[in-house]
Amino acid sequence: MNPTDTDHFPKDPGRPHDGEHPRTSLRALVLSGSSRSGSVNVRLAALVTAMVREAGAVAEPVTLRDFPMPPYDGDAEAGEGLPEGALALCRRIEAAQALIIASPEYNASVPGVLKNAVDWVSRYRLQPFKDKQTLLVSASPSMVGGNRGLWALRVPLEHLGARVYPDMFSLAGAHHAFAEDGALTDQGLAERLTATIGSFLDLVEADTRYLCLQRRWYEFLGDRTDAPVTSRAQD
């Protein structure tokens, strides 16, 4: 996959026509926070991608391997600007109405490679995380399913203005949770994940259609654009 190619989504999907699924205009970027071959989070991201498509929206799965970038260095940024991998990720986030991140948990927190990507993207203006509807999911062999890492990941994303969905999905015992076809072996968990994705896409659809929702959320405190300050809302 070429991370510099930004033509993966329709440029102007517009409003749905009569008889068209109402979600066909929604574009979701599904990012795996792991680049390891065989990662359970890559498998979870693939399952989420299939579920988003089954729900009628457009989904593009990517991994951090598609966006190579060095460790963040302020001197390197001042001298050379953002690396191409970070710029490509920024463009992909901008092109989508929704962002879904499948993240591993490293030592009860965010993987360094994912946090590094967030730090590089945070330097871009206009800030692509700002107002981006975001869903967090995780998979782990542990009994907590990577949930602690998701709570840690919420902090920088919400600081940057992302609208992180309140419900998160964590898959415990992930090393034996998938069937050969990529589905979940536990029907109850599969139904919960399907319902979570459906509700999240409903919110994304409402956010893209009704401007009043766009103006009633918190502002990104680091934003220096000329956009009017929005009202804060605490849910």
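Arg-154 and Glu-158 sit four residues apart in helix 5 (residues 147-159), about one turn of the helix. Their side chains form a salt bridge, with the closest N and O atoms 2.9 Å apart. The model is predicted. It holds 11 salt bridges.

- Arg-154 counts as buried, at 8% relative accessibility.
- Glu-158 counts as partly exposed, at 32% relative accessibility.

**Salt bridges between separate parts**
- Arg-123 and Glu-77 meet through their side chains in a salt bridge of 3.1 Å, N to O.
- Arg-123 lies in the loop between helix 4 and strand 4 (133-139) and Glu-77 in helix 2 (residues 74-80), so this pair ties together parts 46 residues apart in sequence.
- Arg-123 is partly exposed, with a relative accessible area of 43%, whereas Glu-77 is buried at 15%.
- Asp-167 and Arg-192 form a salt bridge of 3.3 Å, N to O.
- Asp-167 is in the loop between strand 5 (163-164) and strand 6 (169-171) and Arg-192 is in helix 6 (residues 187-209), so the pair ties together parts 25 residues apart in sequence.
- Asp-167 is partly exposed at 31%, and Arg-192 is partly exposed at 35%.

**Salt-bridge network**
- A network of salt bridges links Lys-130, Asp-131, Arg-163 and Asp-207.

**Packing of helices 3 and 4**
- Helix 3 (residues 84-95) packs against helix 4 (residues 112-121) at an angle of about 80°, with axes 9 Å apart.
- The two helices are therefore roughly perpendicular.
- Helix 3 contributes Ala-86, Leu-89, Cys-90 and Ile-93, which meet Ala-117, Trp-120 and Val-121 of helix 4.
- This contact has seven nonpolar residues, no polar and no charged ones.

Key: Residues are numbered from 1 along each chain as its sequence is written. This is a predicted model: local features need pLDDT of at least 70, side-chain atom pairs count only at pLDDT 80 or more; totals for chains, interfaces and linings use all residues. Side-chain values use heavy atoms; hydrogens and water are left out. Axes are lines fitted to C-alpha atoms, for helices over the stretch in contact, and angles run from 0 to 180 degrees between N-to-C directions. Angles under 35 degrees count as roughly parallel, over 145 as roughly antiparallel, 65 to 115 as roughly perpendicular and the rest as oblique. Contact means heavy atoms within 4.5 Å. Ala, Val, Leu, Ile, Met, Phe, Trp, Tyr, Cys and Pro count as nonpolar, Asp, Glu, Lys and Arg as charged, and the others, Gly among them, as polar. A salt bridge is a side-chain nitrogen of Lys or Arg within 4 Å of a carboxyl oxygen of Asp or Glu. Buried means under 20% relative accessible area, exposed over 50%, partly exposed in between (1.4 Å probe, protein chains only).
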